[in-house]
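Let's take a walk through this protein together, going from the whole fold down to single residues. Keep the viewer open as you read.

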Amino acid sequence: MQPRNMSMSGVVDLAAVKAAQEAKAKAEQTRAEAARQGGTGAVSPADLVIDVDEAGFERDVLQRSAEVPVVIDFWAEWCQPCKQLSPVLERLAVEYNGRFLLAKIDVDANQMLMQQFGVQGIPAVFAVVAGQALPLFQGAAAEDQIRQTLDQLVQVAEERFGLTGLTVDPDAEPGGATAAVTEGPYDATLNAAAEALDAGDLDGAVRAYRNVLADDPAHPEAKLGLSQAELLQRVQGLDPQKVRREAAEKPADVDAQIAAADLDLVGGHVEDAFGRLIETVRRTAGDDRDAVRRRLLELFEVVGPEDPRVVGARRALARALF
């Protein structure tokens with residue numbers, strides 16, 4: 001596993017958006033499976049701090065990160081600052097009551113994980129959210145700084161990824177809740193679609209996502225993946241300079257504005273993409289207006305309906321239409 005950094009700055013990252021939708025779907029699936037089996041999925045406070053090694057990393061960190069943000073504490077027995085930091089993190093894990101899971105990794109016994117995360121010195125603290133890794137801080141930080149970092153982490157995990165954390169039951173037996181993520185009926189097809197997307201096989205990704213939607217038209221991960229793959233298909237082969245020049249020279253040209261908006265979004269300029277199309281809606285009517293409106297709704301799907309930029313743009317679109 002080669003960790004990928006997840007930005008918390010608010011720019012759109014198509015891989016992060018896709019991971020967010022996957023995480024939401026898997027978290028809901030896990031909760032539904034626990035309910036179906038008559039359990040609550042609750043863990044004991046002792047289960048909020050776990051020791052992780054290379055053999056269990058996939059299960060204990062990557063899979064769990066689809067349900068709860070996992071904070072990783074890289075430490076060693078000989079590290080004096082670690083002996084100051086680790087007890088603070090363990091106490092906060094219990095205090096935060098399931099909003100994050102603390103995974104402790106002994107670097108002496110797990111050199112490969114240390115290298116894969118690019119750890120230069122310890123203590124080092126990372127987080128994994130929806131399978132994506134990001135560095136938090138290095139060294140024995142002050143507790144108030146640690147709390148600020150954790151607060152931001154759990155907020156992003158909930159708002160962007162839909163991860164509400166673990167249910168904690170003080171009376172639960174340690175190790176009583178299962179952590180495995182249940183395989184869904186379309187996982188093989190979705191994995192194939194994601195691999196095709198990563199390999200640049202956009203046609204193959206589109207076909208795979210459409211196959212899922214043919215059976216389950218409301219499947220959230222497939223809807224998001226299809227929107228993403230189709231967006232990348234549209235911008236593939238475009239000359240960005242030419243597209244932007246035509247959009248600037250021809251503000252009334254609907255096709256030029258739509259193409260420029262696609263490029264805006266792929267480049268991470270979310271507000272520019274939305275603003276361009278909303279302004280085009282104001283200037284057009286009939287079929288042209290409807291074409292712009294439909295493309296804007298497609299871009300909303302790529303970014304995600306809960307993103308505050310989408311919420312604001314929906315209100316602006318309503319004003320432009322009515």
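## The overall picture

What percentage of the 322 residues in the protein is buried? Buried residues make up 49% of the 322 residues. Please keep in mind that this is a predicted model.

The protein has 13 helices and 5 strands. Among its contacts with a separation of 6 or more, 73% come from residues 24 or more positions apart.

## Helices α10 and α11

Let's begin with a pair of helices. Two packed helices are described by the angle between their axes and the distance between the axes. For helix α10 (residues 254-266) and α11, the angle is about 165 degrees and the axes lie 7 Å apart. An angle over 145 degrees counts as roughly antiparallel, so α10 and α11 are roughly antiparallel to each other. The crossing of α10 past α11 is left-handed.

## A closer look at Thr 280

One residue from that contact deserves a visit of its own. Thr 280 belongs to helix α11, which covers residues 270-283. Is Thr 280 buried or exposed? Its relative accessibility is 1%, and the cut-off for buried is under 20%, so Thr 280 counts as buried.

Where does the side chain of Thr 280 reach? It comes to the backbone oxygen of Arg 276, at 2.8 Å. Not counting residues up to four places away in sequence, Thr 280 touches Val 254, Gln 257 and Val 292.

## Helices α8 and α12

Another helix pair is arranged as follows. Helix α8 (residues 220-235) packs with helix α12 (residues 286-303) at an angle of about 120 degrees, and their axes are 8 Å apart. That angle makes α8 oblique to α12. Here too the crossing is described by its hand: α8 passes α12 in a left-handed crossing.

On the α8 side, the residues in contact are Lys 223, Leu 224, Ser 227, Gln 228, Leu 231 and Arg 234. They meet Arg 295, Glu 298, Leu 299, Glu 301 and Val 302 in α12. Sorted by class, the contact of α8 with α12 has 4 nonpolar, 2 polar and 5 charged residues.

## Backbone features in the loops

Now for some backbone details. Which peptide bond is cis? It is the one from Ile 122 to Pro 123, where omega is near 0 degrees. Pro 123 sits in the loop between α4 (111-116) and β4 (124-129).

Positive phi values turn up at two non-glycine positions described here. Asn 97 is not a glycine, yet its phi is positive at about 55 degrees. This residue is located in the loop between α3 (80-95) and β3 (101-106), and Asn 97 is partly exposed, with a relative accessible area of 46%. Ala 130 also has a positive phi, near 55 degrees. The loop that holds Ala 130 runs between β4 and β5 (132-138). At 15% relative accessibility, Ala 130 counts as buried.

Ala 93 is part of helix α3. With a relative accessible area of 0%, Ala 93 is buried. Leaving aside its neighbours within four places in sequence, Ala 93 is in contact with Leu 48, Val 49, Gly 98, Phe 100 and Leu 102. As for Val 71, this residue is 22 residues from Ala 93 in sequence and 9.1 Å from it in space, C-alpha to C-alpha.

Our last stop is Asn 110, in the loop between β3 and α4. Its relative accessibility is 4%, and Asn 110 counts as buried. Beyond its neighbours within four places in sequence, Asn 110 contacts Val 52, Asp 53, Glu 54 and Ile 105.

Methods. Residues are numbered from 1 along each chain as its sequence is written. This is a predicted model: local features need pLDDT of at least 70, side-chain atom pairs count only at pLDDT 80 or more; totals for chains, interfaces and linings use all residues. Side-chain values use heavy atoms; hydrogens and water are left out. Helices (H or I, at least four residues) and strands (E, at least two) are DSSP runs, numbered from the N terminus. Buried means under 20% relative accessible area, exposed over 50%, partly exposed in between (1.4 Å probe, protein chains only). A polar contact is a pair of N or O atoms within 3.5 Å; within protein, one must be able to donate a hydrogen and the other to accept it, and residues adjacent in sequence count only if both atoms are side-chain atoms. Contact means heavy atoms within 4.5 Å. Axes are lines fitted to C-alpha atoms, for helices over the stretch in contact, and angles run from 0 to 180 degrees between N-to-C directions. Angles under 35 degrees count as roughly parallel, over 145 as roughly antiparallel, 65 to 115 as roughly perpendicular and the rest as oblique. A crossing is left-handed if the near helix is turned anticlockwise from the far one by less than a right angle, and right-handed if clockwise. Ala, Val, Leu, Ile, Met, Phe, Trp, Tyr, Cys and Pro count as nonpolar, Asp, Glu, Lys and Arg as charged, and the others, Gly among them, as polar.
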